[in-house]
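Biologist: I have a sequence and a model to read with you. Shall we take it one question at a time?

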Amino acid sequence: MALRIGDEAPDFTVQSTIGEFTLSKYLGGSWGLFFSHPADYTPVCTTELGTAQKLVPEFTKRNVKPFALSVDPVDKHAGWIKDINETQNVNFDFPIIADDHRTVSTLYGMLDQTNLEKQTGMPLTVRSVFIIDPSRKIRLILTYPASCGRNFDEILRVIDSLQLTDKVKVATPANWKKGDDAIVVPSIDNEKAKELFGGFTQIKPYLRTVKASQYQK
């Protein structure tokens, strides 16, 4: 059965560029950003990993640990990292999982049966993204086409939204960014909303907004 939002992220132990990698041990009490790549030495993936590495300080601020997967072995990953460092001007240091037997990509439903490796005939992975919370629940799933690199600004935006709405009784509207107005959740009545936020703007009875200064108290 395919994984869905709200499912527990399956644990696994495999080899990676930082040695033996066990998901539960790596995450500990942190959030996780897990994203897959169809193969090493691919141009779009090279830019994605470089971008993710540049954003590590932002992930760290949010208690998020990134980790990637490619269907090639560790020794090939090591050579690819040299290219990532050279072409993207980074010092790459977070783990890339070796999934040459497709164990993890099968577990997470990442395989594209229409895109087969020429030498082995085995399916390659799609560009999947999973955001995993500290209780190891899957909170977001995205799948990108091979021709389109991932939008890491959007990934950070979703992490910000998830972390905010886990703590505060708000939802975030279209194109919301950190610091923008948020929406009071429908389950909160007006009296409770005034108690929590000191007031709100009512656009419609079902659409009430609060400013960041109100929900970030």
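This is a predicted model: local features need pLDDT of at least 70, side-chain atom pairs count only at pLDDT 80 or more; totals for chains, interfaces and linings use all residues.

Biologist: What is the bridge partner of Gln202 in β13?

Modeller: Strand β12 spans residues 201–204. It runs antiparallel to β13, and 3 bridges join them. Gln202 has as its bridge partner Arg208.

Biologist: How many residues lie between β12 and β13 in their hairpin?

Modeller: β12 and β13 run antiparallel. They form a hairpin. The number of residues between them is 2.

Biologist: Is Gln214 buried or exposed?

Modeller: Gln214 lies in helix α8, residues 212–215. Its relative accessibility is 18%. The cut-off for buried is under 20%. Because 18% falls on that side, Gln214 counts as buried.

Biologist: Which backbone oxygen lies 2.9 Å from a polar atom of the Gln214 side chain?

Modeller: Leaving out residues up to four places away in sequence, Gln214 touches Phe197, Gly198, Gly199 and Phe200. The backbone oxygen of Phe197 lies 3.2 Å from a polar atom of the Gln214 side chain. The one at 2.9 Å belongs to Gly199.

Biologist: How far apart in space are Gln214 and Ile138?

Modeller: In sequence, Gln214 and Ile138 are 76 residues apart. In space, C-alpha to C-alpha, the distance is 29 Å.

Biologist: Why do the buried residues of α4 line one face of the helix?

Modeller: The buried residues of α4 are His77, Trp80, Ile81, Ile84 and Gln88. Seen down the helix axis, they fall within one arc, so they line one face. In general, an α-helix has 3.6 residues a turn, so residues three or four places apart point the same way. For α4, the arc is 115 degrees.

Biologist: Which exposed residues does the face of α4 turned away from its buried side carry?

Modeller: Start with the buried side of α4. Its residues pack against β3, α2, β4 and β5. The face turned away from it carries Asp75, Lys82 and Glu86.

Biologist: How far does α4 reach from its first C-alpha to its last?

Modeller: Helix α4 has 15 residues, numbered 74–88. At 1.5 Å a residue, 21 Å is expected. The model comes close to that, at 20 Å.

Biologist: How far apart are the end C-alpha atoms of α6?

Modeller: Helix α6 has 16 residues, 152–167. At 1.5 Å a residue they should span 22 Å. The distance in the model agrees with this: 23 Å.

Biologist: Which residue has a side-chain oxygen that reaches the backbone nitrogen of Asp153?

Modeller: Go to the start of α6. There a side-chain oxygen comes within 3.0 Å of that nitrogen. The oxygen belongs to Asn151.

Biologist: With which side chain does the side chain of Asp133 make a polar contact?

Modeller: Asp133 sits in the loop between β8 and β9. It is buried, with a relative accessible area of 8%. Not counting residues up to four places away in sequence, Asp133 touches Ser30, Trp31 and Arg139. The polar contact, at 3.1 Å, is with the side chain of Arg139.

How values were computed:
Residues are numbered from 1 along each chain as its sequence is written. Side-chain values use heavy atoms; hydrogens and water are left out. Helices (H or I, at least four residues) and strands (E, at least two) are DSSP runs, numbered from the N terminus. Buried means under 20% relative accessible area, exposed over 50%, partly exposed in between (1.4 Å probe, protein chains only). Contact means heavy atoms within 4.5 Å. A polar contact is a pair of N or O atoms within 3.5 Å; within protein, one must be able to donate a hydrogen and the other to accept it, and residues adjacent in sequence count only if both atoms are side-chain atoms. The expected span of a helix is 1.5 Å times one less than its number of residues. The arc is that of the directions from the helix axis to the C-beta atoms. Two strands pair if DSSP finds at least two bridges between them.
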